[in-house]
Each structure stands twice: as C-alpha cells, then as structure tokens.
Amino acid sequence: VMSSQLELMSESLYNNSVPELWNAKAYPSLKPLASWVNDLLERIIFLQKWITNGIPAAFWISGFFFPQAFLTGTLQNFARRSVISIDIITFDFTIIENDPHELMRPRFGCYIYGLFLEGACWDGALARLSESRPKELYTDMAVIWLIPTANRKPPQGGIYNCPIYKTLKRAGTLSTTGHSTNYVIAVELPTTKPHQHWIKRGVALICALDY
C-alpha cells in the first residue's frame with residue numbers, strides 16, 4: 001500500500017535527492033542522492049578497514065557521524081595515559097605535508113585528513129594560508145596533526161583560528177550533548193596576514209562538499 005511517506009520517498013529518488021526518512025537518521029549532508037550513496041559507502045569502507053586492520057595511522061575526519069566525540073576521545077586517551085585532568089588539555093596543531101597513507105601513527109594525538117578549504121588555499125611550500133587561486137572555490141587541506149597538550153597557551157599572533165564545519169551550510173543547532181550539529185572545532189593555521197583578513201573572506205574548513 002502506497003503511503004504518503006513512500007510517495008515522498010519515490011519523489012526524492014526520482015529527483016536525485018536524499019529521502020527525508022533517511023536524512024532524519026543520517027549525518028548532515030548537502031549532497032544529491034547519487035553522491036550521498038557513494039559517500040556512505042566510503043564511510044562504511046573506512047570503518048570496515050579500521051575493524052579489520054586495526055587503528056589507522058590517519059583518520060578521515062569527514063567519515064565520522066559525530067567527529068566531536070572522536071576528538072573528545074583523543075583528549076581522554078591522553079588524559080588517562082598522562083594521569084592528568086582532561087579539563088587542562090587542549091589541542092596543539094601541526095600541518096603535515098605527507099600523504100595520509102604514508103604516515104605512521106603518532107605517539108600522541110592523531111592525524112586527520114579529508115578537509116576542504118573554502119575562501120583560501122593552503123600553500124604547502126610556504127606552510128601557511130594563501131589567497132584562493134582563480135576559479136577554485138574549494139581546495140584540499142593538508143593532513144593536520146592534533147596534539148593534546150596540557151596547560152597550553154594559544155599563540156598571540158601568526159595564526160588564523162579556522163573553524164571546521166560538517167557542511168557548507170555552516171549553520172547548526174545545539175544537540176542534547178551540548179555540541180553543535182555542524183560546527184566541529186577551530187584549527188590554528190599559520191598565516192602572515194591579520195585574523196580579520198581571513199574572516200572577511202569567510203575562510204573555513206569543510207568536512208563534506210555539496211557534490
């Protein structure tokens with residue numbers, strides 16, 4: 001028997017959009033249905049390799065349903081190993097130019113990859129943020145090493161606190177865990193320009209694009 005929900009689903013499938021029934025249970029995504037399915041399969045493959053081969057050297061941050069929990073878990077592991085309070089631990093950030101599949105697991109923290117820069121590009125030669133190249137809306141970001149550090153004092157200059165969002169929408173609501181449904185964390189990226197310069201350009205890191 002065709003119900004109203006099934007009718008809406010059939011219309012979504014015909015229009016290459018993700019059915020609302022699926023969206024309600026899935027991770028945030030702006031992709032059309034075909035790209036959404038490919039992305040879902042890639043996430044499953046990533047997790048299956050983790051199960052089969054053990055903890056990976058680098059983590060595809062875009063493949064997590066709830067990346068904030070993964071980051072909190074990284075801090076908790078460091079706190080337990082060091083026998084210190086998690087409340088005094090924050091992340092330090094180092095950009096790694098190597099391919100994520102060539103890396104070995106770090107002693108502390110984790111490597112993350114799979115992010116896209118919007119509003120700027122990463123200059124690997126100079127190891128800093130650079131202006132976007134012509135006709136490039138989004139560029140691949142290098143691997144980021146998140147290093148748990150106790151009693152860390154943030155740098156006073158020479159960096160841009162670049163926010164990470166799950167989707168290009170850049171808007172979310174507070175979930176029951178107290179975390180945003182879209183914002184993940186801010187990463188310190190080296191730059192020679194003032195903070196306001198990149199804010200005006202709307203520079204952000206995105207986990208997943210809309211295609």
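This note goes through the strands, core, surface patch, salt bridges and backbone angles of a predicted model.

1. Basis. The model is predicted, so local features need pLDDT of at least 70 and side-chain atom pairs count only at pLDDT 80 or more, while totals for chains, interfaces and linings use all residues. Residues are numbered from 1 along each chain as its sequence is written, and side-chain values use heavy atoms, with hydrogens and water left out.

2. Strand β3. Helices (H or I, at least four residues) and strands (E, at least two) are DSSP runs, numbered from the N terminus. Strand β3 covers residues 110–113 and has both faces covered. C110 and I112 lie on one side, Y111 and Y113 on the other, and all four are buried; buried means under 20% relative accessible area, exposed over 50%, and partly exposed in between (1.4 Å probe, protein chains only). In a regular strand the side chains alternate between the two faces of the sheet.

3. Partners of β3. Two strands are taken to pair if DSSP finds at least two bridges between them. Strand β1 (residues 58–60) runs parallel to β3 and is joined to it by three bridges, with W60 opposite Y113. Strand β8 (residues 143–150) pairs with β3 in the antiparallel sense, also over three bridges. There, W145 is the bridge partner of Y111.

4. Nonpolar core. The term stands for a set of buried Ala, Val, Leu, Ile, Met, Phe, Trp, Tyr and Cys residues joined through side-chain atoms within 4.5 Å. The largest such core has 42 residues, and L115, L117, M141, I144, L189 and L205 touch the most other members. At least two residues each come from β1, α4 (67–82), β2 (89–96), β3, β8, β9 (159–165) and β10 (183–190). In soluble globular proteins, nonpolar side chains tend to be buried together.

5. Contacts of L117. Contact means heavy atoms within 4.5 Å. Which residues does L117 contact, leaving aside neighbours within four places in sequence? They are W122, L129, L137, Y138, T139, M141, C162, L189, V203, A204 and L205.

6. C207. This residue is found in the segment after β11 (204–206). C207 is buried, at a relative accessible area of 6%. Not counting residues up to four places away in sequence, C207 touches S62, G114, L115, F116, I164, Y165 and K166.

7. Surface patch. L13, L21 and W22 make a nonpolar surface patch of about 250 Å². Patches are made of residues with over 30% relative accessible area and no salt bridge; like charges are joined within 9 Å, nonpolar side chains (Val, Leu, Ile, Met, Phe, Trp, Tyr) within 5 Å. The areas come from the Shrake-Rupley method with a 1.4 Å probe, and for residues only the protein chains shown count as cover. L13, in helix α1 (residues 4–14), counts as partly exposed because its relative accessibility is 42%. W22, in helix α2 (residues 20–23), is also partly exposed, at 33%. Not counting residues up to four places away in sequence, W22 touches M9, L13, L33 and W36.

8. A salt bridge is a side-chain nitrogen of Lys or Arg within 4 Å of a carboxyl oxygen of Asp or Glu. The structure holds six. One of them joins the side chains of D39 and R43, at 2.8 Å from N to O. The two residues are four apart in helix α3 (residues 33–53), so about one helical turn separates them. D39 is buried, at 7%, and R43 is buried, at 7%.

9. The side chains of D92 and R152 meet at 3.1 Å, N to O. D92 lies in strand β2 and R152 in the loop between β8 and β9, so the pair ties together parts that are 60 residues apart in sequence. D92, R152 and E188 are linked in a network of salt bridges. Another salt bridge joins E118 and R170, at 2.8 Å; E118 is in strand β4 (residues 116–118) and R170 in the loop between β9 and β10, 52 residues apart.

10. Positive phi. Most residues other than glycine have a negative phi, and most peptide bonds are trans. V83, in the loop between α4 and β2, has a phi near 55° and is exposed, at 72%. K135, in the loop between β6 (128–130) and β7 (138–140), has a phi near 65° and is exposed, at 89%.
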